[in-house]
Amino acid sequence: MTKVLIKGLGLIGSSLALAIKQAHPTITLIGCDIDAASLSYAQQQNIIDISTTDFSTAAPQSDVIILASPVNIIIKDLQLLATLTLKPHVLITDVGSTKQTIVKAAKPLQQQGIAFIGGHPMAGSHKSGVTAGRIDLFENAFYFLVPQLTSPQIIAQLQDLLSATHVKWLTVTPQQHDRIVGQLSHLPHIVAAGLVNETQTTLQNSPLGLRLAAGGFKTLTRIASSDPTMWTTILLENAPLISAQLQDYIAALSQIQTDLKNLNKPAIEQFFTNAKITRDHLGPQQLGSLPNFFDLFLNIPDQVGAIADVTQLLATGHINLVNIHILEVREDIDGVLQLTFDNAKNQQQAANLLRAANYQIIRRN
């Protein structure tokens, strides 16, 4: 691996470039993008070594090709790559959020004996573009691999190239990937956006309206702020499966609507009971040994310095905090702070420290 070509220098592409440079500083990184400003910024910031807008010329010179554009562009790039004379041992991978259509587009390459590994890092940000790239974007995130018939040696080569991302690798089939991501990511984005749009319509004539939105509503609909163009493309590429999952969700809503009309108290209570049982049992202890995060939820006062006190306490104990999330903030009432750790040991040590400091832990996953 002497030359790595990254097509698409957005948030994901630039973050991968930073990680590759950290682990393999001698590799030549070639950045390819249609936006000249992105290329200029990436080179000025030493994110890449060489910039180009000519994918057809750069690809045959590369040992590894990472396709980090939107899914519809990845498919076109794979079709183009199948017509080019590439290096005999080139490795091609992508970061697209749907896999069946991409794997299908890669078949002509694989039939030529070219190694292709489908990939999808489950990480992102509300920010976008090359300026949002971060070397720690993927840390402790799940990274799906769809290697199919690719040899273990080539898979290990890709994992070594991306070793500085510090991700948790998960190998799946294209069908498994699209079904899982459709239900856990794509459908929730539709639900969140739909709830925001419906609420805006319902409350548009209210003097207070969405100004009262806080707590549960803001937590539930946070992902509705995602990039509309990107999510339109994602949904269209996984449309049949998402449509079926959406229909199942509509059926569930219709059933609870019927139960409400009929004042069916047992059915309504069972609806919430089933959801609570499932949600409370998320995590590796209940669902198996799949790599996961370890969470603590604690009451925290809504006052200046409250979060800083918690993070300082963890820092004093040399406990690594993967993520922090405010689930609910209400004036004059305790909020709920979610702390995420990468292993059970850190979670337990944090719990001990926080309890000793008189913090109330209300739940742990």
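Which residue stands opposite Phe144 in E8? It is Leu170. The notes below start from the sheet that holds this pair.

1. **Ground rules.** This is a predicted model, in which local features need pLDDT of at least 70 and side-chain atom pairs count only at pLDDT 80 or more, while totals for chains, interfaces and linings use all residues. Residues are numbered from 1 along each chain as its sequence is written, and side-chain values use heavy atoms, with hydrogens and water left out.

2. **The sheet.** Eight strands form an open sheet. Their order is E3-E2-E1-E4-E5-E6-E7-E8, and the pairing is mixed. Helices (H or I, at least four residues) and strands (E, at least two) are DSSP runs, numbered from the N terminus. Two strands pair if DSSP finds at least two bridges between them. From one strand to the next, the twist averages 20 degrees.

3. **The edges.** Strand E3 (50-52) and strand E8 (168-171) stand at the edges. Each has a single partner strand, so one side of each is left without a neighbour in the sheet. Strand E7 (residues 142-146) pairs with E8 in the parallel sense, over four bridges.

4. **Strand E4.** Strand E1 (residues 3-7) runs parallel to E4, and four bridges join the two. Lys7 has Leu67 as its bridge partner in E4. Strand E4 (residues 64-67) also pairs with E5 in the parallel sense, again over four bridges. Here Ile65 has Ile92 as its bridge partner in E5. Val64 and Ile66 point one way from E4, while Ile65 and Leu67 point the other way. All are buried; that means under 20% relative accessible area, with exposed over 50% and partly exposed in between (1.4 Å probe, protein chains only).

5. **Strand E5.** Which way do the side chains of strand E5 (residues 91-94) point? Leu91 and Thr93 go one way, Ile92 and Asp94 the other, and all are buried. E5 pairs with strand E6 (residues 115-121) in the parallel sense, over three bridges. Leu91 stands opposite Ala115 in E6.

6. **Crossovers.** E4, helix H4 (residues 71-81) and E5 make a right-handed β-α-β unit. From E5 the chain crosses through helix H5 (residues 100-111) to E6, and this β-α-β crossover is right-handed. To check the hand, point the strands away from you: the path from the first strand over the helix to the second runs clockwise in a right-handed crossover.

7. **Two helices packed.** Two packed helices are described by the angle between their axes and the distance between the axes. For H4 and H5, the angle is about 10 degrees and the axes are 8 Å apart. Axes are lines fitted to C-alpha atoms, for helices over the stretch in contact, and angles run from 0 to 180 degrees between N-to-C directions. H4 and H5 are therefore roughly parallel to each other (under 35 degrees; over 145 is roughly antiparallel, 65 to 115 roughly perpendicular and the rest oblique).

8. Val71, Ile74, Ile75, Leu78 and Leu81 in H4 meet Thr101, Ile102, Ala105, Ala106 and Leu109 in H5. Contact means heavy atoms within 4.5 Å. These residues divide into nine nonpolar, one polar and no charged. Nonpolar covers Ala, Val, Leu, Ile, Met, Phe, Trp, Tyr, Cys and Pro; charged covers Asp, Glu, Lys and Arg; the others, Gly among them, are polar.

9. **Phe116.** Is Phe116 buried or exposed? Phe116 is buried, with a relative accessible area of 1%. Phe116 lies in strand E6. Leaving aside neighbours within four places in sequence, the contacts of Phe116 include Leu78, Ile92, Ile102 and Ala106.

10. **Two residues to check.** Most residues other than glycine have a negative phi. Asn46 is not a glycine, yet has a positive phi of about 60 degrees. Asn46 is in the loop between H2 and E3, and is exposed at a relative accessible area of 55%. Gln148 is not a glycine either, and has a positive phi of about 55 degrees. Gln148 is in the loop between E7 and helix H6 (152-161). At 40% relative accessibility, Gln148 is partly exposed.
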